[in-house]
Amino acid sequence: MIYVYVYTADKDKFERIKKAVEVAKNLDETPVFCVNDLEAIEEVRKHGFKAMNVDALQDLFNLSDGSDTFYISTPEDATYLKAAFANVKEI
């Protein structure tokens, strides 16, 4: 499965979502977006993608067994996520 995590708890959320949607449109598999608020879920759904609310980047550990691919767009430190999963790509 492919997940796209977009940090949406600041003023740059719509810009990040826009970039992430462009990446998602070019993937071979339809991803599920992980965002931080309901307004962001609505915005992602406008572009035809499924989205779910996650509180923080570390919540992605609960979603995966390690075989999934993550695309992330965040100002947060993602070092631990990259260390835990082989398929983490920054947007």
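## Basis of the description

The model is predicted, with local features needing pLDDT of at least 70 and side-chain atom pairs counting only at pLDDT 80 or more, while totals for chains, interfaces and linings use all residues. Residues are numbered from 1 along each chain as its sequence is written, and side-chain values use heavy atoms, leaving out hydrogens and water.

Strand β1 covers residues 2-6, where strands (E, at least two residues) and helices (H or I, at least four) are DSSP runs numbered from the N terminus. Five of its five residues are buried, that is, under 20% relative accessible area with a 1.4 Å probe and protein chains only. In a regular strand the side chains alternate between the two faces of the sheet. Here I2, V4 and V6 point one way, and Y3 and Y5 the other.

Strands pair if DSSP finds at least two bridges between them. β1 runs parallel to β4 (residues 69-73), joined by five bridges, and V6 stands opposite S73. With β2 (residues 32-35), β1 pairs in the parallel sense over three bridges, and V4 has F33 as its bridge partner.

## Aromatic pairs

Rings of Phe, Tyr and Trp (its six-membered ring) pair if their centres lie within 6.5 Å; planes under 30 degrees apart count as stacked, over 60 as edge-to-face and the rest as tilted. By this rule there are two aromatic pairs. The ring centres of Y3 and F70 are 5.5 Å apart with planes at 20°, so this pair is stacked. Because Y3 lies in β1 and F70 in β4, the pair ties together parts that are 67 residues apart in sequence.

F33 and F49 form a tilted pair, 5.3 Å centre to centre with 50° between the planes, and both residues are buried.

Methods: Buried < 20%, exposed > 50% of the residue type's maximum accessible area, 1.4 Å probe, protein only.
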